[in-house]
Number of protein chains: 2
Amino acid sequence: MSRRYTGQNVTLLRLARQGEITEAMRIVADAEGLSAETVRDELAAGRLVIPANVFHQHLKPIGIGDACRVKINANIGNSAMESDTPCEMAKLEACIRFGADAVMDLSTGANIDGIRRAIVDQSPLPVGVVPLYQAMEKVENTAALNADLLLSVIEEQAKDGVDFMTVHCGLLLEHLPLIKTRTTGVVSRGGSLIAEWMAIHKRQNPLYERFDDVLDIAARYDVTLSLGDGLRPGSLADATDAAQLAELNALGELVRRSWAADVQVMVEGPGHVPLHEIERNVVLQREICQGAPFYVLGPLVTDVAPGYDHITSAIGAAVAGWRGASFLCYVTPKEHLGLPDLEDVRQGIIAYRIAAHAADLARGRQGARDWDDAMSRARYAFDWEKQYALAMDGERAREMREASLKESGETGAHYCSMCGPKFCAMRIAKRIGRETPTAE
Amino acid sequence: MSRRYTGQNVTLLRLARQGEITEAMRIVADAEGLSAETVRDELAAGRLVIPANVFHQHLKPIGIGDACRVKINANIGNSAMESDTPCEMAKLEACIRFGADAVMDLSTGANIDGIRRAIVDQSPLPVGVVPLYQAMEKVENTAALNADLLLSVIEEQAKDGVDFMTVHCGLLLEHLPLIKTRTTGVVSRGGSLIAEWMAIHKRQNPLYERFDDVLDIAARYDVTLSLGDGLRPGSLADATDAAQLAELNALGELVRRSWAADVQVMVEGPGHVPLHEIERNVVLQREICQGAPFYVLGPLVTDVAPGYDHITSAIGAAVAGWRGASFLCYVTPKEHLGLPDLEDVRQGIIAYRIAAHAADLARGRQGARDWDDAMSRARYAFDWEKQYALAMDGERAREMREASLKESGETGAHYCSMCGPKFCAMRIAKRIGRETPTAE
């Protein structure tokens, strides 16, 4: 059961299929209130992944899949225009502090290697990357990309201990004509680069042609593949269109090939999708990808609210999680406008923890409502300290209440400035309690 | 068709049933892209209300109901601990500026009359109130409330031009025992006062006993009744429980009595409801209340995120609107913590406009997606000014993007600091467009 690097397949999927239960499976089982056997069996069936690179030192493994609580990912990373290593380390701190389950370093600016290594070194959360971004830093232009370069970057990042990687292997040459009629073309950064390369060279996606080599690297380090949806819709107009579905079909094939190679795999999904099409998107993914965990970006349920896309997308994410998505990639208020700062990261994480928890509640996940019940009891007891302790972001809740009380010059413990003492329904309800006979 | 005060029934419902089409019906028809006949017929059937007091001078009437876009209400008003008339007028300004469809003045503090009159005088939006709050200001304690006092306050407020009123007429003496086992008792302010009064006097709800008198006042001024859900759940634990459903049944009876008196009526709903119970709540309300418009508060899909309840509730509101609720009462970030300030009002309004629009899109409301499509075209064209002009809160979007660009020292028009110029998927996608053959 040792998972040191051996140059052989060391994936948890392989071990699970051999019937073994590892430390990582036990940790996930404990965290989820599942038996270790269930975690092993779900892993073996491909319905659960535990992204855990053999070289990620301080990882606290998490499970992503049907049997587990819905998880959330926070994207951090710099761009050519903003941020540096200290800034990104502060964002990692925020991710840990505010409760992200995983983090992706999507740096595309200076010092990509340094930032990634610092994040993997410091992060107890699984770390994801998109190797294509670094590959682009090594070439003059998109045309100069090639398969060997891409594979060498993938291996380099795997060696650094990255737990999961978005690889845009399912966007194929034959999909390009389907883009032409779209309202917003290609909005995936990686997808657009692969598409451009194929358009220039009139050749098939090198990551598709060399998918066996990708699998070989993933197997040796136990990198979980996150099959990128390069053609995810960037607008409601493009939602669930022919381009998106053509790529999804290709991803279904790649899931089967990953499983055949004992490589852990999940599948990325949209994007921008109206509320009534979300369930259909989840159902299609589950059918086509045979239950491989679905990792969605939002989806945003409208295009018209830049500055508030943590909200437009938390609505979609909650419904996606309820209907079966296992992993929700956050969107921050800065989406479509700029690189998120620390406050954006915080807002995005809390919005997505809300969506994930709402989904767990809706799925009737065992024990999920205990948290809400504890909060509601604390609320009814006017136990403010307990409410802050239980709140998703207790610090912000305390600041808000105290700012209100300060304005009004009161410090009353048994009400707040919303209603004041005379109109506090819960205060009044307690008086009723003493007057009312019990139901017979 | 004149609707001056005559001491007789002057409601739009009565006129619609007589086959008349009024100016207000035409305005609503134009705004909704419906024929005036449809608006009249929907009004006559009770499935649509146009809250429009004969004494509200500057009202721009709106329609609330199945056939109309989903509408949102913003609650403003002071408490004994915070705010005054100028503050509340500033909130009214914010409601108009950021796009609320209606506003409720829930003042419970000083100068209730003055604030309400100033709001009705200035507001083109329909104005709602809860007369019980003012009644409480006229008595020493809850026990001293009585039916005549309540009716006199209702008439006084109707005379002031209030368009809709929350009246807690359906919370009955026999419901009190059902509260006992609840986790959070009664969380409606009005509901708690009525419940306390009944518990003290061991007598039936005076607003229920005198409902015919309430109807008489409503008919003379055309006040739309909003039947309050005094027993709405204040926690997931209490969602869709016996207390809530017992009151809902009583509300169904009051809807029929309102219609029999040609009085416009809508029905208020929860509250705190997990995602998977929202549709059931809407379906039950529609059945029991025979299609009278449903006016929901959120619902909040989890109890654990104080400080972010505009988000917990926008998720529920979007799903409620999709499933058939017609009117969404906003919840601000300050919910459970304090009285909302101007920024909270802004956050609450935008979160709810997102929810309402997401619902309209999901219901396939004609023309709803044009807005999204226009935004997406502007986005793909990098037309930032058009994006700001189309955005729900363009000012905030502009601030966010410009703050990011300033930090990076760039002013590039064809990308943002999220990805920078090299990794902008939409820039790249346009290059692909020039390389790719059209689909055959």
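**Close-up 1. Contact of H13 with H14 in chain A of the predicted model.** A:Ile278, A:Glu279 and A:Val282 of H13(A) meet A:Gly316, A:Val319, A:Ala320 and A:Arg323 of H14(A). By class, the residues of this contact are four nonpolar, one polar and two charged. H13(A) covers residues 278-288 and H14(A) residues 309-323; their axes come within 9 Å and cross at roughly 40°. That angle makes H13(A) oblique to H14(A). The crossing is right-handed.

**Close-up 2. Contact of H14 with H15 in chain B.** The axes of H14(B), residues 309-323, and H15(B), residues 342-362, come within 8 Å and cross at roughly 25°. Angles under 35 degrees count as roughly parallel, and H14(B) and H15(B) are therefore roughly parallel to each other. H14(B) passes H15(B) in a right-handed crossing. On the H14(B) side, the contact is made by B:His310, B:Ser313, B:Ala314, B:Ala317, B:Ala318, B:Gly321 and B:Trp322. These meet B:Gln347, B:Ala351, B:Tyr352, B:Ala355, B:Ala358, B:Ala359 and B:Ala362 of H15(B). The contact residues divide into ten nonpolar, four polar and no charged.

**Close-up 3. Helix H12 of chain A, residues 242-260.** Buried residues of H12(A) include A:Ala243, A:Ala246, A:Leu248, A:Ala250, A:Leu251, A:Leu254, A:Val255 and A:Trp259. A:Gln244, A:Glu247, A:Gly252 and A:Ser258 are also buried. A:Asp262, which follows H12(A), has a positive phi, near 55°.

Note on methods: Residues numbered from 1 in each chain as written. Chains lettered and ligands numbered in written order. Predicted model: local features only at pLDDT ≥ 70, side-chain atom pairs only at ≥ 80, totals over all residues. Heavy atoms only, no water. Axes fitted to C-alpha atoms, helices over the stretch in contact; angles between N-to-C directions. Helix = DSSP H or I, 4+ residues; strand = E, 2+ residues; numbered from the N terminus. Parallel < 35°, antiparallel > 145°, perpendicular 65-115°, else oblique. Left-handed = near helix turned anticlockwise from the far one by under 90°. Contact = heavy atoms within 4.5 Å. Nonpolar A, V, L, I, M, F, W, Y, C, P; charged D, E, K, R; others polar. Expected span 1.5 Å × (residues − 1). Buried < 20%, exposed > 50% of the residue type's maximum accessible area, 1.4 Å probe, protein only.
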